[in-house]
Structure formats: C-alpha cells, structure tokens
Amino acid sequence: MKKGDKVRNRKNPNVTAIVHEVENKYVPGFGFGRRIKITQGMHTKWEPAGQWEVIKE
C-alpha cells in the first residue's frame with residue numbers, strides 16, 4: 001500500500017478511497033500499527049490500514 005493507491009473497505013466493499021499517506025505508528029500495549037490517510041470525496045481522514053485493501057487494476 002502506497003501513496004496514490006485506490007483502496008476498498010473490507011467491511012463495506014462499496015466504499016472506495018485514495019491513499020495520501022502511509023504511517024507506521026507505535027501504539028502502547030498493542031505494538032506497531034499502520035494507519036493511512038485517505039480521501040473520500042472531499043473528506044480526508046486517518047484510518048487503520050487493516051480495514052482497507054488495495055484494488056488491483
């Protein structure tokens with residue numbers, strides 16, 4: 001997963017977004033987790049990377 005990839009939500013496959021940033025972050029008590037900054041329409045937000053999968057083109 002890298003900048004510019006199109007991704008699809010694992011729970012709701014109809015939801016798609018575009019990746020802007022990928023960040024490895026340390027979460028106390030959990031370890032390292034990846035989060036991604038995505039854009040859906042006009043909205044930009046951070047989401048856990050595990051909830052999203054890259055759409056093969």
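Select Lys 45 and Glu 47 to begin: these residues form a salt bridge, with their closest N and O atoms 3.5 Å apart. A salt bridge here is a side-chain nitrogen of Lys or Arg within 4 Å of a carboxyl oxygen of Asp or Glu. Side chains of opposite charge can pair when their charged atoms come close. Lys 45 is partly exposed at 35% relative accessible area, whereas Glu 47 is buried at 14%. Buried means under 20% relative accessible area, exposed means over 50%, and partly exposed lies in between (1.4 Å probe, protein chains only).

Please note that the model is predicted: local features need pLDDT of at least 70 and side-chain atom pairs count only at pLDDT 80 or more, while totals for chains, interfaces and linings use all residues. Residues are numbered from 1 along each chain as its sequence is written, and side-chain values use heavy atoms, with hydrogens and water left out.

**The whole chain**

Helices (H or I, at least four residues) and strands (E, at least two) are DSSP runs, numbered from the N terminus.

Show the C-alpha trace next; along its principal axes, the trace spans about 35 × 20 × 20 Å. Of the 57 residues, 23% are buried.

**Two further salt bridges**

By the rule given above, the count comes to five salt bridges. Select Lys 2 and Asp 5, whose side chains meet in one of them, at 3.8 Å from N to O.

Move on to Glu 21 and Lys 37, which form a salt bridge with their closest N and O atoms 3.8 Å apart. This pair links distant parts of the chain, 16 residues apart: Glu 21 lies in strand 2 (residues 16-27) and Lys 37 in strand 3 (residues 31-40). Glu 21 is partly exposed at 36% relative accessibility, and Lys 37 is partly exposed at 23%.

**Along strand 2**

Select Ala 17, which is found in strand 2. Ala 17 is buried, with a relative accessible area of 4%. Which residues does Ala 17 contact, leaving aside its neighbours within four places in sequence? They are Asp 5, Lys 6, Val 7, Ile 38, Thr 39, Gln 40 and Trp 52. Contact means heavy atoms within 4.5 Å. Draw a distance from Ala 17 to Thr 44: their C-alpha atoms are separated by 9.5 Å, and the two are 27 residues apart along the chain.

Finally, select Lys 25, also placed in strand 2. Lys 25 is partly exposed at 38% relative accessibility. Leaving aside neighbours within four places in sequence, Lys 25 is in contact with Gly 31, Phe 32, Gly 33 and Arg 35. A distance drawn from Lys 25 leads back to Glu 47, a residue of the opening pair: the C-alpha atoms of Lys 25 and Glu 47 are separated by 12 Å, and the residues are 22 apart along the chain.
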